[in-house]
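Have the sequence and the model open side by side for this one.

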Amino acid sequence: MKRVSSRRRISVALAGLIVLVLGGWLVKDLSGGSGPTPHTVALSTLPPEAARTYRLIEAGGPFPYPRQDGTVFDNREATLPRHPSGYYHEYTVPTPGSADRGPRRLITGDGRELYYTGDHYRTFVAVDPTK
């Protein structure tokens, strides 16, 4: 019986791990790699300022921050499902007592999707505006 050296076993294990990681990336890319799908909440469960911002979006404005509201949200961290640049747009959800725009935003997608972040893009929830 031939004894396999520990270096050889480590090399084989490392090669296997690399194959698994690369295989996972390949499967993700072939399956669309669309990014995460946040869970859905009713618009009525969000802060009341979110509903007011949504009504402004539906009416086409006027927005409290006209230079920033309606601008492209690039989804650089791929926190939302992936789409080409220009697909998503962001709008400020005012934060009472904040001296600036605050951390809250509504993000719209060209497919009528609606997302909310209360922590400046770290986390998102999908929003159902009919509820």
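**Charged pairs, a sheet and a helix**

K131 is exposed, with a relative accessible area of 60%; here exposed means over 50%, buried under 20%, and partly exposed in between, using a 1.4 Å probe and protein chains only. Before going further: this is a predicted model, in which local features need pLDDT of at least 70 and side-chain atom pairs count only at pLDDT 80 or more, while totals for chains, interfaces and linings use all residues. Residues are numbered from 1 along each chain as its sequence is written, and side-chain values use heavy atoms, leaving out hydrogens and water.

Now look at R112 and E58, whose side chains form another salt bridge at 3.6 Å, N to O. That pair links distant parts of the chain, 54 residues apart: R112 sits in the loop between β4 (105–109) and β5 (114–117), and E58 in helix α2 (residues 48–59). R112 is exposed at 64% relative accessible area, whereas E58 is partly exposed at 44%.

Is the pair R105 and E90 buried or exposed? Both residues are buried. Their closest N and O atoms are 3.3 Å apart in a salt bridge. This pair also links distant parts of the chain, with R105 in strand β4 and E90 in strand β3 (residues 88–92), 15 residues apart.

Time to zoom out. The protein has two helices and six strands, where helices (H or I, at least four residues) and strands (E, at least two) are DSSP runs numbered from the N terminus. Read from that end, the elements go α-β-α-β-β-β-β-β. Of the 131 residues, 34% are buried.

The six strands make an open sheet in the order β1-β6-β5-β4-β3-β2, with mixed pairing; two strands count as paired if DSSP finds at least two bridges between them. At the edges are β1 (40–42) and β2 (71–73), each pairing on one side only. Neighbouring strands are turned by 40° against each other on average, direction ignored. Follow β1 to its partner: three bridges join β1 to β6 (residues 125–128), and the two run parallel. Along the way, V41 stands opposite V127 in β6.

Finally, turn to α2, which lies across β3, β4 and β5 and runs at about 35° to β4. Axes here are lines fitted to C-alpha atoms, for helices over the stretch in contact, with angles from 0 to 180 degrees between N-to-C directions; contact means heavy atoms within 4.5 Å. Which residues of α2 are buried? They are E49, A50, A51, T53, Y54 and I57, and the buried residues of α2 pack against β3, β4 and β5. The helix length checks out too: at 1.5 Å a residue, the twelve residues of α2 should span 16 Å, and its end C-alpha atoms are 17 Å apart, which agrees. The expected span is 1.5 Å times one less than the number of residues. Just after α2, G60 takes a positive phi of about 80°.

Technical notes
Salt bridge = Lys/Arg side-chain N within 4 Å of Asp/Glu carboxyl O.
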